[in-house]
Amino acid sequence: MAEGGLDDDVSLPRTAVNKLIKEMLPNMRISNDARELVLNCCTEFIHLLAAEANEVCGKQAKKTIGPEHILSALRGLGFDHYVSEVEDVLEDYKVQATQNKRKATKLEDLGIPEEELLRQQEELFAQARMQQMQEEQAAVAVAGAAPGTAAANAAGDGMTQQQRQLAQFQAIAAGAVTPAMQPADANSQP
């Protein structure tokens, strides 16, 4: 088993092999030595099959071992009676892999209609825009131009209409400005 300087540490997980044994023989008690022997036999079989598949692959001038190489290796090692079962398992795997790939790529499988997802996305964008405008207004206020003051109205020329309206709304909500104190241009556009 230790060809080419490889360690014997390469093995199957004990828990996986124990689970397989328990599934195959549910009412049978198996000694620890027997479990260890089954584990070693499984590991040795996989090494033997992989080495044979590697030879088949090399003869075909391929660099990657594929399912067809494994099937040829089974036949070459005299396990012809397992080939049909392995082909069935391979076909089941391909069907399951295709189904999993489709599930991962379809929005319908999320359980939320696409229109609802778009609505939620737009709502998140609107919240982000509002938060950005609030942060910009806070920066203006920190710079010494509080909303509703003469300095803010003079500095407001660099602000967009939306930003001015937000600043006026915040000032009214905070009680710093009454509607009568609003500049005339704020009422000119909704």
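User: Which residue just after helix 3 takes a positive phi?

Analyst: In this predicted model, where local features need pLDDT of at least 70, side-chain atom pairs count only at pLDDT 80 or more, and totals for chains, interfaces and linings use all residues, the residue is glycine 78, with a positive phi of about 90°. Residues are numbered from 1 along each chain as its sequence is written, and side-chain values use heavy atoms, with hydrogens and water left out. Helices (H or I, at least four residues) and strands (E, at least two) are DSSP runs numbered from the N terminus, and on that basis the chain has eight helices and zero strands.

User: How should I read burial, and which residues of helix 3 are buried?

Analyst: Buried means under 20% relative accessible area, exposed over 50%, and partly exposed in between, with a 1.4 Å probe and protein chains only. In helix 3 the buried residues are His69, Leu71, Ala73 and Leu74, while in the chain of 190 residues buried ones make up 15%.

User: Why does histidine 69 count as buried?

Analyst: Histidine 69 counts as buried because its relative accessibility is 1%. Its side chain takes part in a polar contact (a pair of N or O atoms within 3.5 Å; within protein, one must be able to donate a hydrogen and the other to accept it, and residues adjacent in sequence count only if both atoms are side-chain atoms). The partner is the side chain of glutamine 60, at 2.9 Å, and the side chain of histidine 69 also reaches the backbone nitrogen of glycine 66 at 2.8 Å. Contact in the wider sense means heavy atoms within 4.5 Å, and, leaving aside neighbours within four places in sequence, histidine 69 has such contacts with residues including Ala53, Val56 and Cys57.

User: What is a nonpolar core, and which residues form the largest one here?

Analyst: In soluble globular proteins, nonpolar side chains tend to be buried together. A nonpolar core is a set of buried Ala, Val, Leu, Ile, Met, Phe, Trp, Tyr and Cys residues joined through side-chain atoms within 4.5 Å, and the largest has six residues, namely Leu49, Ala53, Leu71, Ala73, Leu74 and Val83. Alanine 53, leaving aside its neighbours within four places in sequence, is in contact with Ile65, His69, Ile70 and Ala73.

User: Is leucine 25 buried, partly exposed or exposed?

Analyst: Leucine 25, which lies in the loop between helix 1 (14-24) and helix 2, counts as partly exposed because its relative accessibility is 41%.
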